[in-house]
Amino acid sequence: MINTDQDTIAAISTPIGEGGISIIRVSGEDALTVVNPLFKGKDLTQVATHTINYGHIINPTDHQVADEVMVSVMRAPKTYTKEDVVEINCHGGLVATNRILQLVLTHGARLAEPGEFTKRAFLNGRLDLSQAEAVMDLIRAKTDKSMDVAMHQLNGDLSNLIRQFRQDILDVLAQVEVNIDYPEYDAVEEMTSQLLREKATDLQQHIQGLLKTARQGKVLRDGLATAIIGRPNVGKSSLLNTLLHEDKAIVTNVAGTTRDVIEEYVNVEGVPLKLIDTAGIRHTDDQVEKIGVERSRQAIKTADLILLLIDQSRPLSAEDKDLIELTKGLARMVILNKTDLPTALDLAELKQLVGDDVIIKTSIANQSGMQELGAAISHRFFNEGIEAHHNDVLITNARHISLLTQAEQALGDVLAGLNDGLPVDLVQIDMTTAWNLLGEITGDSYQDELLDQLFSQFCLGK
Ligand code: GDP
Ligand code: ZN
């Protein structure tokens, strides 16, 4: 049987595992007729919409009680999917939840694909594409700030902006059409080129501004890849542990590599740091890390931010100097550690080597200087990083970045065409291309393939 968008679908919508309650969500035309025979309590087909109903889920074949439940009945169209939705709230626990899901699946619903509820919300016109993507971002949001960005996107801020861009293009194209109808007037030809040039320039600048926010957006979403480096014994492990302690780290397993890579996230003053190669920094006994510099070289390659530790209670070593050289010109902060001990390092020499880069003094052992470090990271990211544009609209999504980049190029082609004196109807084609590309962001023009790929990234039950 082929899955269609007309099937009634079901899935567990709460995280799997031990929780207070779990919710099995059922959506589609048959949602009520699927659940009703399994429910002992009121007749769900008769209850008012948007009500919660107490009762039991029973197996109609052997009349065994599966669980005590609360069932929400929400009739179309005021629901998440704009279809009839029934949500069964049961008692957490994997066994009960699965048992109920199985009953629903053997009585007329099919298992939802990942993201399928949200896909329906989109197909039924409740969300546009960028809003649907925001739902996914919300689920994954790692800090308050990234939550904010996703919320704004969900509210349609990005969509409104893109729609405005598209409307502007349409207006110009319409004007161009009108002008083309009067080819006998030379002045009109000149006016048309001028109009196209002005609009293309203006839009190009707006889009470039949006793209500037993309890096910041990406970081909020994925975390700033951060490498802690330094020669053995400078305090890398101590710094890592301090960061991890202060901000309850989120640890995720990235499967699919030969050995699972552990990614650790910490939230430093609203900036999510994704710490690179923490396995290499963690060590129980303090064995000397012989491969220190080689390991650092690897970490540096993928880092957005480098925290280079130097022990100020010892003279600068050749290894310190190697690492300073290696990170020259990169996004680096120098941390001068062990300030509780007497200074043995030549500060003037260090300053000369690191140039204008920020030097932060810490005693990680005494937890001093940690606030300054946090403030410096946050300042660098929010104030010096990328200027914020369009206030709260940040581009965080790789697909949006790619489409905006292409649209920006198409507008560049418009301008190049005008400069080369190409006929206006050829220039018009590039303008239309920009319009189409922007439409893909909001899903006003979209392809089925894209949809499938997009929604499959959601977790099950959303
Ligand atoms: P790593 O080899 O770079 O990971 O360094 P560790 O974090 O393992 O630290 C090496 C040693 O220096 C340990 O004994 C730490 O307790 C000590 N240490 C770390 N930070 C400080 C500090 O600020 N002051 C002092 N006095 N000792 C520190
Ligand atoms: Zn270490």
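Me: What share of the protein's contacts between residues at least 6 apart in sequence join residues at least 24 apart, and what makes a pair a contact?
Reply: The share is 70%. Two residues count as a contact when their C-beta atoms, placed from the backbone, lie within 7 Å.

Me: On what kind of model does this rest?
Reply: The model is predicted; local features require pLDDT of at least 70 and side-chain atom pairs pLDDT 80 or more, while totals for chains, interfaces and linings use all residues. Residues are numbered from 1 along each chain as its sequence is written, and chains are lettered from A and ligands numbered from 1 in the order in which they are written.

Me: What makes a run of residues a helix or a strand?
Reply: Both are DSSP runs numbered from the N terminus: a helix (H or I) needs at least four residues and a strand (E) at least two. By that rule the protein has 16 helices and 14 strands.

Me: Why are E3 and E4 called paired?
Reply: Pairing requires that DSSP finds at least two bridges between the strands. Strands E3 (residues 39-40) and E4 (residues 51-58) have two, in the antiparallel sense, so they qualify. Lys 40 has His 56 of E4 as its bridge partner.

Me: How many bridges join E4 to E5?
Reply: Eight bridges join E4 to strand E5 (residues 65-74), and the two run antiparallel. E4 and E5 form a hairpin with six residues between them, and His 63 in the turn has a positive phi of about 60°.

Me: Which residues are closest to ligand 1?
Reply: They are Gly 235, Lys 236, Ser 237, Ser 238 and Ala 365, among 17 that surround ligand 1; a residue is near if its C-beta atom, placed from the backbone, lies within 6 Å. Helix H8 (residues 236-246) gives the largest share of this shell, three residues.
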